Amino acid sequence: MPSDMPPVVVKLPPALVRLFPGAERRVELRASAPSRTVGDVIDTLDSRWPGMRDRICDSTPRIRRHMNVFVAGERATLETPLEPGAEVVVLTAISGG
């Protein structure tokens, strides 16, 4: 991916950011970082903040039931492809009764 491509933007929930010192709510992943799929983005986040992947994904590996990941407003899986400039939004699921 050429370096003039727009970065992939990842928005993280406050509950997740609080667990990782130095993590920010908005993270830009430049073209030099692999970001071809949602799974690649999560791997890149985990390389910056070890353990983040375990908070977002289970061991199968899939996105955890209590987490939601969206790309372009659509629910995403680890295999969801990303275009340059994509926005990836990670949310904690809200449950109740």
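Predicted model: local features only at pLDDT ≥ 70, side-chain atom pairs only at ≥ 80, totals over all residues.

Student: Fine. How many helices and strands does the protein have?

Tutor: There are 3 helices and 5 strands. Both are DSSP runs numbered from the N terminus: helices are H or I with at least four residues, strands are E with at least two. Along the sequence the pattern reads β-α-β-α-α-β-β-β.

Student: And what's the strand order in the sheet?

Tutor: The order is 2-1-5-3-4, in an open sheet of 5 strands with mixed pairing. Two strands count as paired if DSSP finds at least two bridges between them.

Student: Which strands stand at the edges?

Tutor: Strand 2 (26-29) and strand 4 (74-75) do; each has a single partner strand, so one side of each is left without a neighbour in the sheet.

Student: What about strand 1, which way does it pair with strand 2?

Tutor: Strand 1 (residues 8-11) pairs with strand 2 in the antiparallel sense, over 4 bridges. Val8 is opposite Leu29 there, and Lys11 is opposite Arg26. Strand 1 also has 3 bridges to strand 5, and those two run parallel. In that pairing, Val10 has Val88 as its bridge partner.

Student: OK, switching to the inside. Which residues have the most contacts in the largest nonpolar core?

Tutor: Val10, Leu12 and Met52, in a core of 27 residues. A nonpolar core here is a set of buried Ala, Val, Leu, Ile, Met, Phe, Trp, Tyr and Cys residues joined through side-chain atoms within 4.5 Å. Buried means under 20% relative accessible area, exposed means over 50%, and partly exposed is in between, with a 1.4 Å probe and protein chains only.

Student: Where does that core draw its residues from?

Tutor: The elements giving two or more residues are strand 1, helix 1 (14-17), strand 2, helix 2, helix 3 (52-56), strand 3 and strand 5 (87-92). Helix 2 gives the most, with 4 residues.

Student: So where does helix 2 lie?

Tutor: Helix 2 (residues 38-48) lies across strand 1, strand 2 and strand 3 (67-71), at about 110° to strand 2. For that angle, axes are lines fitted to C-alpha atoms, for helices over the stretch in contact, and angles run from 0 to 180 degrees between N-to-C directions.

Student: Which residues in helix 2 are buried?

Tutor: Val38, Gly39, Asp40, Val41, Ile42, Thr44 and Leu45. Their cover includes strand 1, strand 2, helix 3 and strand 3.

Student: Back to Met52. What does Met52 touch?

Tutor: Leaving out residues up to four places away in sequence, Met52 touches Leu12, Leu16, Phe20, Ala23, Leu45 and Asp46. Contact means heavy atoms within 4.5 Å.

Student: And Asp46, what does it touch?

Tutor: With that sequence cut-off of four places, Asp46 touches Gly51, Met52 and Arg53. Asp46 lies in helix 2 and is partly exposed at 23% relative accessibility.

Student: New topic: how many salt bridges does the structure hold?

Tutor: 4. The criterion is a side-chain nitrogen of Lys or Arg within 4 Å of a carboxyl oxygen of Asp or Glu. One of them is Lys11 with Glu87, the closest N and O atoms being 3.1 Å apart. Lys11 lies in strand 1 and Glu87 in strand 5, so this pair ties together parts that are 76 residues apart in sequence.

Student: How exposed is Lys11?

Tutor: Lys11 is partly exposed, at 32% relative accessible area, and Glu87 is partly exposed too, at 38%.

Student: Which side chain does Arg26 meet in a salt bridge?

Tutor: Glu28, at 2.7 Å from N to O. Arg26 is partly exposed at 44%, and Glu28 is partly exposed at 31%.

Student: What about Asp40, which residue is its salt-bridge partner?

Tutor: Arg36, with the closest N and O atoms 3.8 Å apart. Asp40 counts as buried at 17%, whereas Arg36 is exposed at 55%.

Terms used: Residues numbered from 1 in each chain as written. Heavy atoms only, no water.
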